[in-house]
Amino acid sequence: MIIPGQPPPSLALAKACARFAAGDAAAALDVVRTAALTAKATFGSGSLPLARAYADMARLHCEMGKWKKAALEFRHASSGPLPSDVQGRKDRLAFMFGFATAVAELGKLDEAEKVLRQCVAFSQSLHGPQSRNAADAYEALAHLLRKRQKFADAVASLDEACAIALKLEDRSLARLLPLRAEWKCERGNSGNAFDCLAQVPDAIVSEVVGNTLQRVGSDGPGIRRVLADLLSSLDKKYGDGHSSSAQTLVAIVLHETKLGPAADAKVRAAAFRRAVWSFAVRRSPAGLLENVEVGFEAEGTIHLVPRLTRNPSEREVAELQAVLSEALDELYSRLAFDVAH
């Protein structure tokens, strides 16, 4: 279970998690309980070291799926006066995130939302309103709001996270933008779901594309729109023929193919035609190829009909046939790879 905003595990927690992973839950609990008793004896009740020890017990109970105990321990860690030092405040924020996660797992979504909104404000105050930590808090809140079926609020919260990550040029965009696009498209939001892609650094764009295409083949609502918006934004950013556009065209063909009777034959044919065209136009005899039409027969046979700008020589005909065959081979190899993975 991933809890947002958590620091690296302490030595005691790491040891306890290792014992739990090895199948010895009793020994795992003994490690963190002993650490808590030591902290209480050394630093006293209400101390930050004891709060950290309670949080360690809570995180272990989260791993065990014991959410009620985890919630009580995170609540205890979060109680008392707010620490005056920065690290103590960071720890308090982590405890609050943990408490919100635990009570959400217990079905207390209204309480979880209240705490996560406090986490957003606390993150902004502690780390800055345009910090990665603030973006993470908005993302955590967005997931909770979606779980509560507050879809508009969830998208708005994710928009905030994306806006911060975009300003920072943070790699979290590679995760956030595909998620944001899917949420927007499944609700039928107007506008392009990847409207900010032009501002995203190239290195992160490739990750955005990869993460988006992992959803291909899903029967979730809006995936067709997601792919169409992604392709449109890539075209605006790079123009025709970019490798990311080629990947997306293949993904559109694959998605429509997997949909079976629910597929849109026109969308599939258009993506197939453009994928072949993008490959072939740069490899055909100069100025010869004007367009490529694609036809599909019921049993799966595909026909390519090239539209030419002039009468070709025999050599050009042979070259064009070879290029079109290579284009189909390339497309099928990509499709086969995507199906396998």
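The model is predicted, so local features need pLDDT of at least 70, side-chain atom pairs count only at pLDDT 80 or more, and totals for chains, interfaces and linings use all residues. Residues are numbered from 1 along each chain as its sequence is written, and side-chain values use heavy atoms, with hydrogens and water left out.

Let's start with the idea. Side chains of opposite charge can pair when their charged atoms come close. Here, a salt bridge means a side-chain nitrogen of Lys or Arg within 4 Å of a carboxyl oxygen of Asp or Glu. How many salt bridges does a search of the whole structure find? It finds 19.

Now please look at Arg132. Its side chain meets that of Asp136 in a salt bridge, at 2.9 Å from N to O. Helices here are DSSP runs of H or I with at least four residues, numbered from the N terminus.

Arg132 also forms a salt bridge with Asp170, at 2.9 Å, N to O. Asp170 sits in the loop between helix H8 (151–168) and helix H9 (173–186), 38 residues apart from Arg132. Are these residues buried (under 20% relative accessible area), exposed (over 50%) or partly exposed (in between; 1.4 Å probe, protein chains only)? Asp170 is buried at 18%, while Arg132 is partly exposed at 33%.

Next, Glu139 and Arg175 meet in a salt bridge at 2.6 Å, N to O. Glu139 lies in helix H7 and Arg175 in helix H9, so this pair ties together parts 36 residues apart in sequence.

Finally, a network of salt bridges links Glu113, Arg117, Arg148 and Lys150.

Methods
Helices (H or I, at least four residues) and strands (E, at least two) are DSSP runs, numbered from the N terminus.
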